[in-house]
Amino acid sequence: METGRTGPGIPGRAAVITGASRGLGLATAGQLAFEGWDLALCARGGEQLERAAQGLRERYGRRVYARSADVTDTAALDGFIDSAADRLGGVDALVTCVGGAFGGGLAEASAEDWADTYRINVEHPARAVRTALPYLRRSGGRVVLVASISGWKPGPPAQYAAAKAGQIHLAATLARELGPDGVRVNAVSPGSMLIPGKGWDRLRKEHPERYRVFEREFPGGELVSPEDVAAVIAFLVSDRARAVNGANIPVDGGQNAPSAYGY
């Protein structure tokens, strides 16, 4: 995350970010606040979200609206976006960071695991764009869907890979549909990110030899950081990226296999 109070940008623009209490969502919020954006953030954990929001307000002096919401609950997601637009005077950018996988391998994953994985990775961003669309049309807005390296490089579990591939295609298709309205839609595909307390950090601490082997999947020898990905997202929602539309931007350090556990 950038430090300092404000950076380059156009003050007063409003960005909505789902899943912004930690990790990539919080790093993206920090980068956008540094560049002069006001923010609306949601996550399931209310206390952690409010701490993150207060930290952003104090560090960057931006307006930050925070609301606890489960993005798989349609009414909650709609309510968050509409209230964000009301609080901030519109929506100029939408970044969907929430994602995840349910269930294990093909033999173990249930139909509900497949449905839940699709719901959080594909239905949530599609619904968010739909709800934000009236505001985005008015502002000539821009959308970034956070997909994954697993959406275009094979790696388990299959339900997650398939959902992320769908998310990449969703961005490309919406770019064609919404382009005439002046709305740009792109996807970013992060590689494996090293986030404190999360899976790869736990692997590093609990199984250091396996982690060192996994690092060889990266030509540079290290995993990407949330800040690496946030910088690309900030570019995509800026005017500097006005000609980038319908793209999937890998931010993976040249990573080969998406998983430390084989293809």
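A crossing is left-handed if the near helix is turned anticlockwise from the far one by less than a right angle, and right-handed if it is turned clockwise. With that in hand, here are my notes on the structure.

This is a predicted model, in which local features need pLDDT of at least 70 and side-chain atom pairs count only at pLDDT 80 or more, while totals for chains, interfaces and linings use all residues. Residues are numbered from 1 along each chain as its sequence is written, and side-chain values use heavy atoms, with hydrogens and water left out.

1. **Helices α1 and α2.** The crossing of α1 and α2 is right-handed. Helices (H or I, at least four residues) and strands (E, at least two) are DSSP runs, numbered from the N terminus; α1 covers residues 23-34 and α2 residues 46-60. Their axes come within 10 Å and cross at roughly 25°. Axes here are lines fitted to C-alpha atoms, for helices over the stretch in contact, and angles run from 0 to 180 degrees between N-to-C directions. The angle therefore makes α1 roughly parallel to α2 (under 35 degrees counts as roughly parallel, over 145 as roughly antiparallel, 65 to 115 as roughly perpendicular and the rest as oblique).

2. **Who meets whom there.** On the α1 side, L26, A29, G30, A33 and F34 meet A52, L56 and Y60 of α2, where contact means heavy atoms within 4.5 Å. By class, the residues in the contact of α1 with α2 are 7 nonpolar, 1 polar and no charged. For the classes, Ala, Val, Leu, Ile, Met, Phe, Trp, Tyr, Cys and Pro count as nonpolar, Asp, Glu, Lys and Arg as charged, and the others, Gly among them, as polar.

3. **A33 up close.** A33 lies in helix α1 and is among the residues that meet α2. With a relative accessible area of 0%, A33 is buried (buried means under 20% relative accessible area, exposed over 50%, partly exposed in between, with a 1.4 Å probe and protein chains only). A15 is 18 residues from A33 in sequence, and the two are 9.2 Å apart in space, C-alpha to C-alpha.

4. **Helices α3 and α4.** Another right-handed crossing is that of α3 past α4. The axes of α3 and α4 (residues 111-139) come within 10 Å and cross at roughly 35°. From α3, the contact uses T74, L77, D78, I81, D82 and A85; from α4, H124, R127, A128, T131, A132 and Y135. This contact of α3 with α4 divides into 6 nonpolar, 3 polar and 3 charged residues.

5. **S83, also in α3.** Helix α3 spans residues 74-88 and includes S83. Is S83 buried or exposed? S83 counts as buried, because its relative accessibility is 15%. Neighbours within four places in sequence aside, S83 is in contact with Y65 and R67.

6. **Helices α6 and α7.** For α6 (residues 199-206) and α7 (residues 208-215), the axes are 5 Å apart and the packing angle is about 125°, which makes α6 oblique to α7. W200, L203, R204, K205 and E206 in α6 meet P208, R210, Y211 and F214 in α7. The contact of α6 with α7 has 5 nonpolar, no polar and 4 charged residues.

7. **The cysteines.** If you are checking for disulfides (pairs of cysteine sulfur atoms within 2.5 Å), the structure holds 0. C42 is in no disulfide, and its nearest cysteine sulfur, that of C97, is 9.7 Å away. C97 is likewise in no disulfide. C42 is buried at a relative accessible area of 1%, and C97 counts as buried at 14%.

8. **The loop between β5 and α5.** Do have a look at the cis peptide bond joining P156 and P157, with omega about -5°. Most peptide bonds are trans. P157 lies in the loop between β5 (142-146) and α5 (158-178), and P154 lies in the loop between β5 and α5 too. P154 is exposed, with a relative accessible area of 57%. S259 is 105 residues from P154 in sequence, yet their C-alpha atoms are 9.0 Å apart.

9. **Q167 in α5.** Helix α5 holds Q167, which counts as buried at 0% relative accessibility. Beyond its neighbours within four places in sequence, Q167 is in contact with T96, N121, V122, P125, L145, V146 and A147.
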